[in-house]
Amino acid sequence: MELAQTGARVLAELGDLAGELVPLTAALTRFGGYAERFAAALDRARAGQRQWVAGVGVASCHAVWMELHEDLLATLGLARGGRPESR
């Protein structure tokens, strides 16, 4: 598969993910802002600024997703790769 095709596929999958973030973050006010930040990074990536997919030092799609992931784990009392903490 050509690099351009791979890039287009990745951007399409990130677009699908962005759509899934909207209802999640709308339903849980604690997570407000993640969908908007993810969408903003995706817009920049689609405009050709590829560092916004997974770049370091910017609020890239990857960085925003990882922040949300960590927030979800903390909210649920889960350790990464572990079991729920005792309460």
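The buried residues of helix α4 are Cys-61, Val-64, Leu-68, Asp-71 and Leu-73. Buried here means under 20% relative accessible area, exposed means over 50%, and partly exposed covers the values in between (1.4 Å probe, protein chains only). The model is a predicted one, in which local features need pLDDT of at least 70 and side-chain atom pairs count only at pLDDT 80 or more, while totals for chains, interfaces and linings use all residues. Residues are numbered from 1 along each chain as its sequence is written, and side-chain values use heavy atoms, with hydrogens and water left out.

Helix α4 spans residues 61-76 and has 16 residues. From its first C-alpha to its last, α4 reaches 22 Å, close to the 22 Å expected at 1.5 Å a residue. The expected span is 1.5 Å times one less than the number of residues in the helix. After α4 comes Gly-77, whose phi is positive, near 70°.

The protein chain as a whole has 4 helices and 0 strands. Its pattern along the sequence is α-α-α-α. Helices (H or I, at least four residues) and strands (E, at least two) are DSSP runs, numbered from the N terminus. The C-alpha atoms fill a box of roughly 50 × 25 × 25 Å along the principal axes. Of the 87 residues in the chain, 23% are buried. The accessible surface comes to about 5,800 Å². Carbon and sulfur atoms hold 58% of that surface. Accessible areas come from the Shrake-Rupley method with a 1.4 Å probe, and for residues only the protein chains shown count as cover.

Contact means heavy atoms within 4.5 Å. Among the contacts with a separation of 6 or more, 42% join residues 24 or more positions apart.

The chain carries 9 positive and 10 negative side chains. Lys and Arg count as positive, Asp and Glu as negative; His and the chain ends are not counted. Each charge is placed at NZ of Lys, CZ of Arg, CG of Asp or CD of Glu. The centres of the two sets lie 4 Å apart.

The loop between α3 (51-54) and α4 holds Ser-60. Ser-60 counts as buried because its relative accessibility is 0%. Leaving aside neighbours within four places in sequence, Ser-60 is in contact with Ala-41, Gln-51, Trp-52, Val-53, Ala-54 and Gly-55. Val-53 itself lies in helix α3. With neighbours within four places again left aside, the contacts of Val-53 are Val-10, Leu-11, Leu-14, Ala-45, Ser-60, Cys-61 and His-62. Val-53 and Ala-41 are 12 residues apart in sequence, and their C-alpha atoms are 7.1 Å apart in space.

Helix α1 (residues 3-27) includes Glu-20. Gly-19 is also placed in α1. Glu-20 counts as exposed, because its relative accessibility is 56%. Gly-19 has a relative accessible area of 42%, so it is partly exposed. Glu-20 and Ala-59 are 39 residues apart in sequence and 19 Å apart in space, C-alpha to C-alpha.

A search of the whole structure finds 1 aromatic pair. The pair is tilted because the rings of Phe-31 and Tyr-34 have their planes at 40°, with centres 6.4 Å apart. Rings of Phe, Tyr and Trp (its six-membered ring) pair if their centres lie within 6.5 Å; planes under 30 degrees apart count as stacked, over 60 as edge-to-face and the rest as tilted. Both Phe-31 and Tyr-34 are buried.
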